[in-house]
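Please look at the loops of this structure. The report below goes through selected residues there.

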Amino acid sequence: QVQLVESGGGLVQPGGSLRLSCAGPGIAFSLNAMSWYRQAPGKQRELVATIGIFGSTNYADAVKGRFAIFRDNALKTAYLQMDSLKPEDTAVYYCNGAGRNGDEYWGQGTQVTVSS
């Protein structure tokens, strides 16, 4: 069963922007910390950004100052705003929800390609 659904990926030029969305209508969304991960070909999946249940955020060094994670609990949706995109940002981006009791949810991913 698909628990989280990502959307918003696509092809963008270096320096461009994209906004990814993650919808989680079937989970206790407000009780989950939400994160974005990414995985490039031949590389391990890496944590990009996290937002806690009270809105605290954390970012990987590689995206600080360029990406922003935010959430709308009423809409059960998390977002990743990506600005000043670089070719090295190219990856499949996955949404993750993590509850305090060890429950975890994943989306199927959305492709982001940054290329001239």
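What follows covers backbone angles and side-chain contacts in a predicted model.

## Positive phi at K76

Most residues other than glycine have a negative phi. K76 is not a glycine, yet its phi is positive, at about 50 degrees. This lysine is in the loop that links β7 (67-72) to β8 (77-82). K76 is partly exposed, with a relative accessible area of 28%.

## Positive phi at S84

S84 also has a positive phi of about 50 degrees, and it is not a glycine either. Its place is the loop between β8 and β9 (91-99). The relative accessible area of S84 is 40%. S84 therefore counts as partly exposed, since that class runs between the 20% and 50% cut-offs.

D89 sits in the loop between β8 and β9.

Which side chains make polar contacts with the side chain of D89? One is that of R38, at 2.9 Å. Another is that of R66, at 2.8 Å.

## Surroundings of D89

Set aside the neighbours within four places in sequence. D89 is then in contact with R38, R66, F67, S84, V112 and V114. Two of these names have come up as polar partners: R38 and R66.

Notes. Residues numbered from 1 in each chain as written. Predicted model: local features only at pLDDT ≥ 70, side-chain atom pairs only at ≥ 80, totals over all residues. Heavy atoms only, no water. Helix = DSSP H or I, 4+ residues; strand = E, 2+ residues; numbered from the N terminus. Buried < 20%, exposed > 50% of the residue type's maximum accessible area, 1.4 Å probe, protein only. Polar contact = N/O pair within 3.5 Å; in protein donor to acceptor, adjacent residues only side chain to side chain. Contact = heavy atoms within 4.5 Å.
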